[in-house]
Amino acid sequence: MSAPQKKTAGRSLLVTSAAALSSLALTAPVALAAPSPSPSASPSASPSATPPSNMSTVGGSRLGRADTQVNLASGVPVLPKDITARSWIVTDAESGDVLAAHNAHWRLPPASTMKMLFADTVLPKFAKTEKHKVVPSDLAGMGAGSSLVGIKEGETYTVHDLWLGVFLRSGNDAVRVLSAMNKGVAKTVTEMNEHAEELQALDTHVVSPDGYDAPGQVSSAYDLTLFARSGLQKKDFREYCSTVTAKFPGETKKDKKGKTVRKPFEIQNTNRLLSGDYDISQYQGIAGVKNGNTTNAGATFTGVAERNGRVLLVTVMHPSKEEHNEVYKETAKLFDWGFKAAGKVQPVGELVPPKGAAQSSAQPGDAGEAGGSGDSAGSGASAKPVASATTDGGSRGMETALAITGGLLVLLAGAAFLVNRRWPLPDLVRRRSSRP
């Protein structure tokens, strides 16, 4: 295999497509995960504030150690001192290098960040235009206090509507309806666990597809990052997780004139690094991914951002500092460190490829990405950004910024892959480059 080609103008994001990943096999063995969590563990009991001594070493032996792992050396910026999260990880999304980590494999309740695995598992199964009329059984079993987008029994929604509800409002009701379409919660949970195992996310045990606190339901900062990295290889996933606001179908009612109407209402992404808030600004280069918050999990968040052609993934779980938007503030500090340290710091581990990964010979012009909406451009396509546009259903989504290029070589997670496409993040990333 020839040497990797250089990135062009700091723009190309070279990662293997979801279709390629699903058909590949590991070139080298990885260490075993830590013992499986006990299904009898109480979801109401707050997890221990002390990480276990026996953690997984998937991705490297240092990632199985407690406390902070980083290779500080001359020219490498020091880590921010006020990070209070029980677990966090900073990774290069393209190479898979783990730049720094803190209790990366600590199994903790994930809250709604589990929806990244749900989306990565279920998104390819249904066309965006498919419609579903909600029946009472679709919404059965949701936990008390669940986050909701506002789905009503008897109303019809498109799959596109439902995914907007999952990503923007973290709607457990939308997750339940999509699970019902997927022949039930039990089947969906089984498929999510199987997909987690395929991704080598061996810290993860799914009990509820929406991430609601449940006995034995755990994941880790390392695994959540694997879910984000896998999901972001799907165009639809990138679109939904980067959408800031959208129109969602309301309830069918009669207006004052007796005419039957169904007015939509606006929903906003609850990812505060994407949408901003009174005490936090939109983060420069942010393009997703997913946040969560429950009593047991505390606040959790995985984000992806690009700056100067470098794409980083940061996951933060359960900050102990109880300030408003603290999980986003700590994530932003770790992003800042990662962008300064990238290219200077030696990695402490890697994001492993899926269990089935092996060298593959993809050719220019191969089929598009999984999920029913592959990027479309041939070999040699230009890498010019395109304007942001309104997506189907009235959502103000961000169109992809780069066209696909075929026949490019990259090194991903320590194994060589022949890749036939770029991994474009939304144009919103670049249009925010001037923000502080």
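Residue R310 belongs to strand β12, which covers residues 310–319. The model described here is predicted.

**R310 and its surroundings**

- R310 counts as partly exposed because its relative accessibility is 29%, a value between the 20% limit for buried residues and the 50% limit for exposed ones.
- Leaving aside residues up to four places away in sequence, R310 touches D92, A305, F339, A342 and G343.
- R310 and G285 are separated by 25 residues in sequence, and their C-alpha atoms are 10.0 Å apart in space.

**The crossing of helices α2 and α6**

- Helix α2 comprises residues 115–122 and helix α6 comprises residues 221–231; their axes come within 9 Å of each other and cross at roughly 35 degrees.
- The crossing of α2 with α6 is left-handed.
- On the α2 side, the contact is made by M116, L117 and D120. On the α6 side, L224, F227, A228, S230 and G231 take part.
- By residue type, this contact of α2 with α6 consists of 5 nonpolar, 2 polar and 1 charged residues.

**Backbone geometry**

- Most peptide bonds are trans, and most residues other than glycine have a negative phi.
- The peptide bond that leads from G288 to V289 is cis, and its omega is near 25 degrees. V289 is part of strand β10, which spans residues 286–294.
- S170 is not a glycine, yet its phi is positive, at about 55 degrees. This residue, S170, is placed in the loop between α3 (159–169) and α4 (172–181).
- K183 is likewise a residue other than glycine with a positive phi, here near 70 degrees. The loop that holds K183 runs between α4 and α5 (185–198).

- Is S170 buried or exposed? S170 counts as buried because its relative accessibility is 6%, and the buried class takes in values under 20%.
- Is K183 buried or exposed? K183 is exposed because its relative accessible area is 71%, and the exposed class takes in values over 50%.
- In summary, S170 is a buried residue with a positive phi, whereas K183 is an exposed residue with a positive phi.

Notes:
Residues are numbered from 1 along each chain as its sequence is written. This is a predicted model: local features need pLDDT of at least 70, side-chain atom pairs count only at pLDDT 80 or more; totals for chains, interfaces and linings use all residues. Side-chain values use heavy atoms; hydrogens and water are left out. Helices (H or I, at least four residues) and strands (E, at least two) are DSSP runs, numbered from the N terminus. Buried means under 20% relative accessible area, exposed over 50%, partly exposed in between (1.4 Å probe, protein chains only). Contact means heavy atoms within 4.5 Å. Axes are lines fitted to C-alpha atoms, for helices over the stretch in contact, and angles run from 0 to 180 degrees between N-to-C directions. A crossing is left-handed if the near helix is turned anticlockwise from the far one by less than a right angle, and right-handed if clockwise. Ala, Val, Leu, Ile, Met, Phe, Trp, Tyr, Cys and Pro count as nonpolar, Asp, Glu, Lys and Arg as charged, and the others, Gly among them, as polar.
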